[in-house]
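Work through the exercises below with the sequence and the coordinates at hand. Each task is followed by a solution in steps.

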Amino acid sequence: SGREDLLGKHVKSVFPRDYEIQLKEIDKSNYSIRDGIFKLYTPIYFGSTSAPWQICLTIPLEILTASANMEMLNLMVMGAFFLIGSVFIVVFSLKRVLKPIAEITQMADIVSTGDLQYKKVSATTNEIIFLNNAFEKVINSQIHITEVCSSIAAGDYGKKAEVRSDKDELGKAVNKMIESLKKSADEDRRRNWSAEGFAIFSEILRSGIDLKSLSNSLLTSLIKYVNANQGYIFILNDSVKDNLFLELYACYAYDRKKYVEKKIEPGEGLVGQCFIERDTIYMSEIPDDYAMITSGVGEAKPKFILIVPLKVNDKVEGVIEIGSLYDFPDYVKYFVERLAESIASTISTVKINEQTKSLLALSQQQTEEVRSQEEEMRQNLEELHATQEELQRKEAEYLREIQLLKEELAEYRSFKVA
C-alpha cells in the first residue's frame, strides 16, 4: 500500500477496530473488499510453527479499477470495430445471397403465370447454384409435362410422362390419364368403326337384290372391311326337308372372286360343325390341307379362321367363314357375330320373299292357264252354241221338208185314188 511505517506492526495495531472481523474474513476467504480497499491474503509458514502468519496485500479500489476501466474501454472500442465489420460483412454476404434469391423468386412468379421461359440467375454460392439447378429441373419437368399434354390434345397417346421418382405423383397421374384417355379413345374408335360398318352393311342388306348377288356383295365388302383375305358364305338349302345341305353362295379369295360348286352336309367339316353346334368357331392352328389364299403373287395358307353361324330366331340360315393372315381382335369377332344375325334375318326374309315370289309366279301361271282354259271353254261353248243353232236350223228345215213331203205324198195319194 506504500506505507512503510506499518512494517513490523501487529495486525491488531493496524486494524484496532475490526481486528476480529479481519480474522473472520481471513478464515472465510483469501480476499475481501471493505471500505473501498481490496485486500488479498496469503498464508506463510515458518518451519514447524503453527502461528497464523499471513501476508496481506491491500490496494485501493480506485487504483485497481482505473486499470480495469481502461482495459474495458479498449475492449469496447475493439468490440465496436468488430461489430461494425461484422455488420458490413453480413450485409455484403446477405446482398450476394439475397439478390439471386430475389431473382429466382421473380422468375418463380413469372413461371407461376404459365410462362416457362426460364433464365438462369447468376450464381454466387454453391447453395444458389443448387437452388438454380433445382428450379431449372422443375421448369424442365413442367415443359415436359406440357409437351406430353399437347400430344394428348392432338390425339397422340404414345408419349409418356417421365416419372422422376416414386414420389412423382404428377408424372404418375399424367400417365394414368394417358392410359385412361387412350382406352376411351380406342373404345370410341371401335364403336365408331362398328357403327360405320353396320351402316354400310345395312345399305347392302336393304338393296333388295337376289340372294346370290346379295351374298357376293356382302362377302366382298366384309372381307375388305375387316381386313381379311378369304371368305365363304354357305346358305341352308331346305327346299327338300329330308335332304338339308349347305350350299356355297359366295366365295372370295384375296381380292379375287372364284365361283365353284360346293355342297356341305350338316356336321361335315368345320362349316358343318358350326352349323350343328350353332356357335362361333375360331382357329389359330390351321390344318395343312386347308384352302390356300390366292393372290397375284402366289398362294399362302391363312393363319386365322373365323366361322360364324348365320342364326336368327334360333334357326341357322347358313354359315360364314373368313380366313386371314392376321389375328382377329375381339371387337372384330363381336362385329361379325352381330352382323351375322342381320345377314341371317335378311336371308330368311329374302328366302321367304323368293318363295312368295315363286308361289305368286306359280299362282299367276296357274291363273293364266285357268284363264286360257276358260277362254277355250268359252270358245268351245260358243262353237257348241253355234252348232246347236245350226242343228236347230237344219232340223227346222228338215221338218219343213218332211212336212212338204208329207203334203206332196198326201196329194199324190189323193190324186191316185181319184
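This is a predicted model: local features need pLDDT of at least 70, side-chain atom pairs count only at pLDDT 80 or more; totals for chains, interfaces and linings use all residues.

**Exercise 1.** Describe what is found at the start of H6 and just after H6, and list its buried residues.

Solution. Step 1: at the start, a side-chain oxygen of Asp210 comes to within 3.2 Å of the backbone nitrogen of Lys212. Step 2: just after the helix, Asn227 has a positive phi of about 60°. Step 3: with buried meaning under 20% relative accessible area, the buried residues of H6 are Leu211, Leu214, Ser215, Asn216, Leu218, Leu219, Thr220, Leu222, Ile223 and Tyr225.

**Exercise 2.** Which elements give two or more residues to the largest nonpolar core, and which residues have the most contacts inside it?

Solution. Step 1: this core has 35 residues, and Val226 and Phe335 have the most contacts inside it. Step 2: the contributing elements are helices H5, H6 and H8 together with strands S4, S5, S11 and S12. Step 3: H8 gives the most, nine residues. Step 4: leaving aside neighbours within four places in sequence, Phe335 touches Trp193, Ser194, Gly197, Phe198, Phe201, Leu222, Tyr225 and Val226. Step 5: a second, separate core has 17 residues, including Tyr232, Phe234, Ile264 and Phe275.

Methods:
Residues are numbered from 1 along each chain as its sequence is written. Side-chain values use heavy atoms; hydrogens and water are left out. A nonpolar core is a set of buried Ala, Val, Leu, Ile, Met, Phe, Trp, Tyr and Cys residues joined through side-chain atoms within 4.5 Å. Buried means under 20% relative accessible area, exposed over 50%, partly exposed in between (1.4 Å probe, protein chains only). Helices (H or I, at least four residues) and strands (E, at least two) are DSSP runs, numbered from the N terminus. Contact means heavy atoms within 4.5 Å. A polar contact is a pair of N or O atoms within 3.5 Å; within protein, one must be able to donate a hydrogen and the other to accept it, and residues adjacent in sequence count only if both atoms are side-chain atoms.
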